[in-house]
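Subject: Handover of a structure and notes on it

Dear colleague,

Please find the structure below, together with its sequence.

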Amino acid sequence: MSSVAEPVALRETPVVPGLPFIGSLLGLAKDPAQFFVDCYRTYGPVCRLSVLGEKYVLMAGIEAANFLGTREGKESLRSKEFWAGLVNEYGATKILTGEDGESHKQLRDIMRNGYSKESIKGRYNELVAITDGAMKRDWPVGKDIPVVEAMQYMVVDQLGTILTGAAPLEYVKDIRTTILYILNVLVTRQRPKILLKRPQYKKAKARVFELGEQMIANAKARYGKIKPEERNLIDDVYAAHVEQPEVMPENNLIVTLTGPYVAGLDTVANTTAAIVYTVLKHPEVKARVLAEVDALFAEGDVDEDGLLKKLPSLQGAIMETMRLYPIAVAQMRTATKDFVFEGHQIKEGEMIYIGTSVPHFMDEYYPEARKFDIDRYQKPRAEHLKAGAYSPYGRGPHTCLGKSLAEVQIALSMARLFYKLDLELESPNYVMKTKTAPTPGPAMDFKVRVKGLRH
Ligand code: HEM
């Protein structure tokens, strides 16, 4: 027997038919998650498509999700091009999401503590108080509340206080506008560049820069004066700037310091808004969630130990919502070299969608995948544990750095919201509309009525 491996015959990669020039834009814009599932079902784990004259490879399914975490995946894919527009717009040279390899590791090491669950250790009750304040301000009894917007204010309040030491509520509108334009035009590229010339965007961006300058000034004033255990994300980033200026040069500070808002605002706001819908839409789920949250807060202050374990139904509802309403339907990458995936040749420089959410919608992994079933995640079913089947926080080296922080933030916010407020949908038959830009999630006009206070 020869010890030399036989070359594997390459497969011809199917091409998704599309309209002249716009290609597959309509399918993608309408429902990207469904579009990728349809492609996977029709063509298998790899196909080629075009959007607005640009050619893309789609790698999808558990095969692609698992590939992101392999050595071959790490060596074959990079994120730079996807984030380059945002980096340039800030006059920066690099950001965490756009780096790979050693330089990515350096940045992730600097920010690991600040973004970790540790950053809210001992502060759960403070998070509850911030959430209560946001509800008092933005969720008045008797009113119809635009849920995504109200959640955006809540998130800035929470992340601002916990991660950066101050909640810049007067900048929320500017942060929202800047992120909206940047994500739409420069990151997901669903809107034309000309929009960045609009005065509305320019004004908002200038205000975000002003906020960034304030954050730098605050961090500078604190540098060297605070105890290591009191350092927050901003302190760590500033210390890196002083101590390793080659890794964190001056021109990268603003984009890095205002990063928590880019990373957390839309993601958490869209997800929590979707959870409001799914829980209210399913009365049997709502009853279970209310019983749990009433028991949790009956004793007053929240005990941090094992918080999520005390809320199995809410946790199931959160995980199920993140499966069915993923904010990151696919991850965008560029091929760093020629490589073969599932028998298909991918060429250096090709732009790639990694459809990690495709398995979320497959009956093979989630029987009756379209059904909202909060008990899927309990043992022995544990349907999400099949390798590659569940990726709401992404996969591989860029897996969400704020994941465990977000898990606590989301669980505690939702627990408090359902404990405090008696909410109802417009009608039991109400079906929530969704949006795809800049991030997939509930439409901005999704509203719920605050019928009264429960506690
Ligand atoms: C519903 C909540 C959230 C979801 C679903 C989510 C999802 C994701 C996903 C899918 C990625 C990977 C992007 C890629 O590979 O291209 C990511 C990256 C990241 N997320 Fe989150 N995220 C959430 C909340 C947060 C929060 C609250 C923070 C912190 C404030 C955060 C911080 C980050 C950071 C810093 C990265 C970049 C990691 C890297 O590039 O190494 N995320 N997130």
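The ligand is surrounded by 24 residues, and the closest are Gly 264, Ala 328, Gly 394, Cys 400 and Gly 402. A residue is counted here if its C-beta atom, placed from the backbone, lies within 6 Å of the molecule. Please note that this is a predicted model, in which local features need pLDDT of at least 70, side-chain atom pairs count only at pLDDT 80 or more, and totals for chains, interfaces and linings use all residues. Residues are numbered from 1 along each chain as its sequence is written.

The shell around the ligand divides into 14 nonpolar residues, nine polar and one charged. In this division Ala, Val, Leu, Ile, Met, Phe, Trp, Tyr, Cys and Pro count as nonpolar, Asp, Glu, Lys and Arg as charged, and the others, Gly among them, as polar. At least two residues of the shell come from each of α6 (101–115), α13 (259–281) and α16 (403–420). The most, six residues, are given by α13. Helices (H or I, at least four residues) and strands (E, at least two) are DSSP runs, numbered from the N terminus.

A residue is buried if 20 or more other C-beta atoms lie within 10 Å of its own, exposed if 12 or fewer, and partly exposed in between, with C-beta atoms placed from the backbone.

I turn now to the sheets. Five strands form an open sheet in the order β1-β2-β8-β5-β3, with mixed pairing. Two strands pair if DSSP finds at least two bridges between them. At the edges stand β1 (46–51) and β3 (77–78), each with a single partner strand, so one side of each has no neighbour in the sheet. Strand β3 pairs with β5 (residues 331–335) in the antiparallel sense over two bridges, and Arg 78 has Thr 334 as its bridge partner in β5.

A further open sheet has three strands in the order β4-β12-β9, with antiparallel pairing. Its edge strands are β4 (144–146) and β9 (421–424). Three bridges join β4 to β12 (residues 447–453), and Asp 144 stands opposite Arg 449 in β12.

Helix α3 (residues 61–68) is largely enclosed by the rest of the structure, because six of its eight residues are buried. Among the buried residues are Gly 61, Ile 62 and Phe 67.

Some backbone details remain. The peptide bond from Lys 379 to Pro 380 is cis, with omega near 5 degrees, and Pro 380 lies in the loop between β8 and α16. Another cis bond joins Ala 437 and Pro 438, with omega about 0 degrees. Leu 52, in the loop between β1 and β2, has a positive phi of about 50 degrees although it is not a glycine. Leu 52 counts as exposed because it has 12 C-beta neighbours inside 10 Å.

Yours sincerely
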